[in-house]
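The following paragraphs guide a reader who is new to this structure. Please keep the sequence and the model in view while reading.

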Amino acid sequence: MSFPNRNPDDVTGWHAHIYYDPATTKDDASRLRANIEALFGGRVVVGRWHDEHVGPHLASMYQVAFQAPLFAEFVQWMAVNREGLDVLVHPLTDNAYNDHMIFGFWMGGKQPLDEARLKRIAVHAGRG
Ligand code: ZN
């Protein structure tokens, strides 16, 4: 398979998905969330808590959406302030499968994603 190269201008924004275990690391996730809101509030969009698994995510998480101009500052801060949690940073293009499985990168360990679901989404959108 060849790598699905894209024009960087096709990236419409970024997500950071912050994974936690409701039984053991929710306090860490809560501290990280408070720090994000204190430092980046108004510049990022912090999503709801998802203890229940949602979309292609097979672990509890919340999402932080941000725009490209904030990438360097936010991702650099996350790299050294993630409270030991696993974080997926991925761009947003028109292909959810590529965004999550190919273009994204992980801080900490990799969490499982529902690859088949992402493939279906990409196919349904006609963006193979
Ligand atoms: Zn996402």
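A residue is called buried when its relative accessible area is under 20%, exposed when that area is over 50%, and partly exposed in between. The model discussed here is predicted. With these limits, Arg31 is partly exposed, because its relative accessible area is 40%. Glu83 belongs to the partly exposed class as well, at 29% relative accessibility.

Arg31 and Glu83 form a salt bridge, in which the closest N and O atoms are 3.0 Å apart.

How many salt bridges does the structure hold? There are seven salt bridges in the structure. One of them joins the side chains of Asp94 and Arg6, with an N to O distance of 2.9 Å. Asp94 is partly exposed, its relative accessible area being 36%. For Arg6 the relative accessible area is 33%, so this residue too is partly exposed. Asp10 joins the picture here, as Arg6, Asp10 and Asp94 are linked in a network of salt bridges.

A further salt bridge connects Glu73 with Arg43, whose closest N and O atoms are 3.1 Å apart. Glu73 lies in helix H2 and Arg43 in the loop between H1 and strand E2 (45–46), so the pair ties together parts that are 30 residues apart in sequence. Glu73 has a relative accessible area of 41% and is therefore partly exposed. Arg43 counts as partly exposed too, at 41% relative accessibility.

Attention now turns to the nonpolar residues. In soluble globular proteins, nonpolar side chains tend to be buried together. The largest nonpolar core of this model has 21 residues, and those that touch the most other members are Ile18, Ile36, Phe66, Phe74 and Met78. Two or more residues of this core come from each of E1, H1, strand E3 (61–66), H2 and E4. Apart from this core lies another, of 10 residues, which include Met61, Leu88, Trp106 and Ala122. Setting aside residues up to four places away in sequence, Phe66 touches several residues, among them Trp14, His15, Val44, Phe74 and Val89.

His15 leads on to the metal site. Which residues coordinate the zinc ion? The donors are His15 through ND1, His17 through NE2 and His90 through NE2, at 2.0 to 2.2 Å. The spacing of these donor residues in sequence is H-x1-H-x72-H. Distant parts of the chain are linked in this way, for His15 is in strand E1 and His90 in strand E4, 75 residues apart. Both His15 and His90 are buried.

The last stop is helix H3, where Asn98 lies. Is Asn98 buried or exposed? Its relative accessibility is 12%, so Asn98 counts as buried. Beyond the neighbours within four places in sequence, Asn98 is in contact with Pro4, Phe103 and Gly104.

Key. Residues are numbered from 1 along each chain as its sequence is written. This is a predicted model: local features need pLDDT of at least 70, side-chain atom pairs count only at pLDDT 80 or more; totals for chains, interfaces and linings use all residues. Side-chain values use heavy atoms; hydrogens and water are left out. A salt bridge is a side-chain nitrogen of Lys or Arg within 4 Å of a carboxyl oxygen of Asp or Glu. Buried means under 20% relative accessible area, exposed over 50%, partly exposed in between (1.4 Å probe, protein chains only). Helices (H or I, at least four residues) and strands (E, at least two) are DSSP runs, numbered from the N terminus. A nonpolar core is a set of buried Ala, Val, Leu, Ile, Met, Phe, Trp, Tyr and Cys residues joined through side-chain atoms within 4.5 Å. Contact means heavy atoms within 4.5 Å. Donors are N, O and S atoms within 2.8 Å of the metal (3.2 Å for Na, K and Ca); water is not among the atoms, so sites may look incomplete.
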